[in-house]
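User: I would like to learn how to read strands and aromatic rings in a model. Please take one feature at a time.

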Amino acid sequence: MKINQNKVVLLHYELSVDGKSVEHNDLDYIHGTHMLLPKFEQELEGLEPTQSFAFTLSPEEGYGTYEADKRIDLSKKAFMVDGRLMEEFLVPERRIPMLDAAGQVVQGLVCEVKEDVVTMDFNHPMAGKTLHFEGVVKEVREATEKELKEGLHGEFLPPEEHHCCHKHGNGGCCHHGEGHDGEHECCHHGEGHKDGDCCGHHGGDCCCNQKDS
């Protein structure tokens, strides 16, 4: 069976950047449902189980070029949850989830902690990088009706059914703070949420995940 629209695909891949291996993992997804980078899916189209692949994505085909205006200073008030500064999150080189003005969860890298502000970088970790993928297709099958409706891992379900963050709920993990002109807010982890994955989406920061729009 070949990889094409609505097929469930299981593959193993290795990602290299600048000649250095940075990630290797098994990945399963439903082909053609816009969950992965478009060029990544295009390169896999038509492959069958046991077939290997190797291709390179430019920054434009991957996560875009690095944008200097996505590195900003946020007031420490943006990191207040229930009146307490979440100092345990404010560690340089730590990536933490935050809410943008549209209520979407975005990952930010703590660059520097100053007296009153925190310098954050909201570029994707692979922004500006040329990505080289190698791997092998392990399985290809038809997706079930349930998987097409709900997603392979429930990613198409409404937020309340997908265990996403609920603002101000019991143990809710997202809290409105006073951020950079109201653009970003601290995302506090509630019960059952792991660090760096506020909404628990399958794949976390896997480099194959679709870039933010």
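Predicted model: local features only at pLDDT ≥ 70, side-chain atom pairs only at ≥ 80, totals over all residues.

User: In which sense do S3 and S10 pair, and over how many bridges?

Analyst: Strands of a sheet pair through backbone hydrogen bonds, either parallel or antiparallel. Here S3 and S10 are antiparallel, over 6 bridges. Strands (E, at least two residues) and helices (H or I, at least four) are DSSP runs numbered from the N terminus; two strands pair if DSSP finds at least two bridges between them.

User: What is the order of the strands in the open sheet?

Analyst: The order is S2-S1-S10-S3, which makes an open sheet of 4 strands with antiparallel pairing.

User: What is the partner of strand S4?

Analyst: S4 pairs with strand S9 (residues 117-121), antiparallel, over 5 bridges. Leu74 has Val118 in S9 as its bridge partner. On S4 (residues 71-75), Ile72 and Leu74 make up the covered face, while Arg71, Asp73 and Ser75 make up the uncovered one.

User: Now the rings. How many aromatic pairs are there?

Analyst: A pair of aromatic rings is described by the distance of the centres and the angle of the planes. The whole structure holds 5 aromatic pairs. Rings of Phe, Tyr and Trp (its six-membered ring) pair if their centres lie within 6.5 Å; planes under 30 degrees apart are stacked, over 60 edge-to-face and the rest tilted.
One of the pairs is Phe40 and Phe55, edge-to-face at 5.5 Å centre to centre with 75° between the planes. Phe40 lies in helix H1 (residues 38-44) and Phe55 in strand S3 (residues 52-57), so this pair ties together parts 15 residues apart in sequence.

User: Why is the pair of Phe55 and Phe133 tilted?

Analyst: Their ring centres are 5.6 Å apart and their planes are at 35°, so the pair counts as tilted. Because Phe55 lies in strand S3 and Phe133 in strand S10 (residues 131-142), the pair ties together parts 78 residues apart in sequence.

User: Is Phe133 buried or exposed?

Analyst: Phe133 is buried, at a relative accessible area of 0%, and Phe55 counts as buried at 6% relative accessibility. Buried means under 20% relative accessible area, exposed over 50%, and partly exposed in between (1.4 Å probe, protein chains only). Phe40 is buried as well.

User: Which residues form the aromatic cluster?

Analyst: One cluster is formed by Tyr13, Phe40, Phe53, Phe55 and Phe133.

Methods. Residues numbered from 1 in each chain as written. Heavy atoms only, no water.
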